[in-house]
Each structure stands twice: as structure tokens, then as C-alpha cells.
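I opened my notebook to look up one stretch of this model and what packs around it. Here are my entries, in the order I made them.

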Amino acid sequence: MRESLPEPSPPVTARRAHELGLSVGNLPTGTHNALTDVPGVRVGHTTLVRPPRVHSGVTAIVPDGVGPGSPLPAGVFAGNGYGKLLGTTQLTELGALETPVLLTSTLSAFRVADALVGWVLERPEGAAARSLNPVVGECNDGLLSDIRSRPVREEHVRAALDTASGGPVAEGCVGAGTGMTALGFKAGIGTSSRRVPLAGRDVTLGTLVQANFGGTLRVSGRVVTPADVGVPTEDPDSTTNPVPEAGSCMVVVATDAPLDARQLTRLARRAVYGLARAGAAYGHGSGDYGLAFGTRPLGTSAGPAVLPDDRLDPLFVAVLDAVEEAVLNALLTATTTTGPYGHTRHPLPAAPLLALLGREEPGAAGSPGGTRSP
């Protein structure tokens, strides 16, 4: 039994899609193949595990210097709006992100928003604030956690914010991904990044997904069901299913490309489209949201002018590829979890997946042994 506060961006231990030769697309990744490859973006998690009742947590995405007096350009898109993305209307109206972005469990979202407001008001960035628009996204972890207990408290939110850091990002059953399932597998947090040559210079685009959606997984264009890779699909000892596996997914995108809020909304839209490439069904009960922000503060003249729209295609390709790979990472790095109602979900197993695709494990005799370098 444990309830852990986060370590600063603990290293990834499971093999990710990139290490398995399953990278998506032809663009190179950033150094860590993570959202934190975008300069000035940090990630922190608080993971709450008290088996079998609680598998939950909170994830903080913290852009340097963001605050009500130094907002960042941002856009949001709802592929299916069955969800609680707090702060959406003001973010859509003004195209401005005033706070870090937090992800958590559905019924904990409101406590998390209140804790985020308190944290921002205490910092120099919020010292003069008379209004604040906290941005909090959520997915429903009620299949594998006692969601009604609302286990995420203020100290957990503050821990995730205060320990957010750059570098490698923990994936799978951490933070807001602890109790998530997707496409018939145990899922969670996944992340990926791309370096994009754009207007004569390289820019970075990073994605982070909180994967919890229904559908049928597709890898390299092939349908992959749990049965295809030897993963049990039924819970023989379970008699109830309080939450259907229908949704949702939060996708957060960051970039240092010079984009305005309208263009970032276009990027957020493609982020939600990217889920379809991984097999998302966009069901009635699935809240599928994309949120994209830029790291250049609004109202500044630093850096190059905003890109013309006809130069955005490389970024659209990058976000589609990065989201698809981030979903794969969420499935591959998760761990088997049994919840309070007897339901068990298993991660996507690497070796059977590669065998199904007719590929050898990297490092095996005769195998190429790797993928493109970051």
C-alpha cells in the first residue's frame, strides 16, 4: 500500500515505441522524445495508489513564467465535448493561457482547479491578480479507482506543480494516467516530440496524452486487439462494470514555433485527429480534447513574426505523428492494474506486438537494433 508524492521527472524504465522500432513518421524526435523537449516546458506528477481502491493522481504541465500578467497564446478544440475541461470558454474567447495545465480524474477536477488558483495567487506571477482562469482537464478513472472518493487533494496538486521539471517524463501509470485505460489495454500518460524545419530554422513540437478512450488499436496500419497479443479481455471474477470504457482523452501540445492563438487552435484540432490514427472511436461518452499553446508570451515582439498559414503543414504532420506515438507510449509503459470492482487491465506487451507485426525485437540477431536517432 502506498501513496507517493512525485520525484522530479523520474526516468522511463519500460521500452517505448521509439526503442521498439515503432516510431511514427519521418521527422526526428527531440532529445527526450517528450513534451519537455519544448524549451521552457516542465512536467510533474503526483501518483496516488492504495490498492485496490485508489489508482489516481494529477499531472502538471508548467510553462515557465506563465501567469495572468504574462499569458501564453493558446487554442483548444473539442472533438467530442463530453468532459470537464475547466477554463475552456475564456481560453477560447481570448486565446490566452494564464496558468499551468493540470490533468486529473473527473470528480477531482474541481478540487484541483481550486488548488491551482491558490498556488498561482501565491506566486509573483499572480500577486496582482483579481481574476484567474485555471485550466484543468480530466478523464474518468472510475473503472480502476474509487472515483467517488475524490482522492486528489491540494497537497497533491502543489507537489506536482512544485516538482515539475524538464528532461525525461515518466509515462504509463503515473499522475493523471494512473487509473486510465484505452483501446482495451491499460493506458495512462504518454508523450512524444518532433523537431521540425520551419521557415529557415528548427522548431520543436511536443505532445502529452492522458489516454482513456475507446476504439480498436491500430499500429503501423494494422488492427491490434488484446486477444491478438495474448492479453485477457474479460474479468472472470467481476460482476459489475460501473463505468463503460468509452472515453476520454486529453491531448496537450506545446511548441516554440511562432504561432498565434488561431493557428494554435488549428494545431489542437489536428491533435484530436491524431487519436483516430491510433484507433479512437470518439464515442458518445468520450471527452476528446486538444489544447495547444506556444511558449512566446502574448504581447511581446521578441522572436520572428507569426508564420503565415500556408507554412504550417510541417507542424500539422508533426502533431499527428507525435500524438499517435504518445498513445503507443502510454499503452506500452503502463503496468497491469486491478481496481476495486475486480476489473483488471493489462498494458500492450512489446514482444507479442512485434511478433504480430512480423518484426524482431531491437538487438536480436539479424535485427537492425534501433530506430532513427533523436
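I began just after helix 4, where Gly-279 takes a positive phi of about 115 degrees. Helices here (H or I, at least four residues) and strands (E, at least two) are DSSP runs, numbered from the N terminus. I kept in mind that this is a predicted model, where local features need pLDDT of at least 70, side-chain atom pairs count only at pLDDT 80 or more, and totals for chains, interfaces and linings use all residues. Residues are numbered from 1 along each chain as its sequence is written, and side-chain values use heavy atoms, leaving out hydrogens and water.

Next I went to the start of helix 4, where a side-chain oxygen of Asp-260 comes within 3.2 Å of the backbone nitrogen of Arg-262.

Then I checked burial (buried means under 20% relative accessible area, with a 1.4 Å probe and protein chains only). In helix 4, the buried residues include Leu-264, Leu-267, Ala-271 and Leu-275. Among the elements covering the buried residues of helix 4 are strand 11, strand 14 and helix 5.

How values were computed:
Buried < 20%, exposed > 50% of the residue type's maximum accessible area, 1.4 Å probe, protein only. Contact = heavy atoms within 4.5 Å. Polar contact = N/O pair within 3.5 Å; in protein donor to acceptor, adjacent residues only side chain to side chain.
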